[in-house]
Amino acid sequence: LNGRRVAVIIATDGLPSEKGDFDPKVACDNFVRALKSLEALPVWIVIRLCTNERNVVEFYQDLDDQLELPIELLDDFVSEGREVYRKNKWLNYALPLHRCRELGLRHRVFDLIDEALLSKDQLRDFCAFLFGVDKRDIPDAQINWSAFTEKISRLLEGESEQWNPVQNKLTPWIDMALLEKCYGTGTSCDCTIL
């Protein structure tokens, strides 16, 4: 596959089950065993949860500890949007981004957008991905913040607004005022750069 991976997408609203009178624990163990059989293969697992039942969510969250596979666990669009907003308030986590993740598109910043405020270098990578431009065409945010924000503003002008799941209205992909608040000089955002 020349370094490529196959995306295995699992959409579920419950714990693994099997036909017949199997013990639910046996079905879960068999599911884990089946996933472990993929560990030597170039696969990327996306598990799209269609429930918020605590025991189901915990089971799939624990899979990451049990397996040596890259796993992306996704909630519904609105819940994921809220998670992203808690860490990266400047970003409109619009449906196209969620669909990319649901369909197995792998990009290293996708793993980070709901875990921590992106570093300026990660922010640059994300913007290059979002706008479909070469990273070299975007000024380095660490070296020249003003040039970076000017370029992002120009790129935003060519984009239509997207439905924002947190604000429940159409907004640009990036809120430039919040971006400035989180990263600009005199940063006073409740964001934390790790």
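W145 and F148 sit 3 residues apart in helix α6 (residues 145–157), about one turn of the helix. In this predicted model, both W145 and F148 are buried. W145 and F148 also belong to a cluster linked by ring pairs, together with W90, F126 and Y183.

The count of aromatic pairs comes to 9. One of them joins F31 and Y60, with ring centres 6.1 Å apart and planes at 80°; because planes over 60 degrees apart count as edge-to-face, this pair is edge-to-face. F31 lies in helix α1 (residues 24–36) and Y60 in helix α2, 29 residues apart, so the pair links distant parts of the chain. F31 and Y60 are both buried. For W145 and F148 the planes are at 25°, so that pair is stacked.

| Pair | Centre distance | Plane angle | Class |
|---|---|---|---|
| F31 and Y60 | 6.1 Å | 80° | edge-to-face |
| W145 and F148 | 5.3 Å | 25° | stacked |

Strand β2 (residues 43–49) is mostly covered, with 7 of its 7 residues buried. V43, I45, I47 and L49 point one way from β2, while W44, V46 and R48 point the other way.

Strand β1 (residues 6–12) runs parallel to β2 and is joined to β2 by 7 bridges; W44 in β2 is the bridge partner of A7. Strand β3 (residues 71–74) also pairs with β2 in the parallel sense, over 4 bridges. Here V46 has E72 in β3 as its bridge partner. From β2 the chain passes through helix α2 (residues 54–66) to β3, and this β-α-β crossover is right-handed.

Definitions and conventions: Residues are numbered from 1 along each chain as its sequence is written. This is a predicted model: local features need pLDDT of at least 70, side-chain atom pairs count only at pLDDT 80 or more; totals for chains, interfaces and linings use all residues. Side-chain values use heavy atoms; hydrogens and water are left out. Buried means under 20% relative accessible area, exposed over 50%, partly exposed in between (1.4 Å probe, protein chains only). Helices (H or I, at least four residues) and strands (E, at least two) are DSSP runs, numbered from the N terminus. Two strands pair if DSSP finds at least two bridges between them. A crossover is right-handed if, with the strands pointing away from the viewer, the path from the first strand over the helix to the second runs clockwise. Rings of Phe, Tyr and Trp (its six-membered ring) pair if their centres lie within 6.5 Å; planes under 30 degrees apart count as stacked, over 60 as edge-to-face and the rest as tilted.
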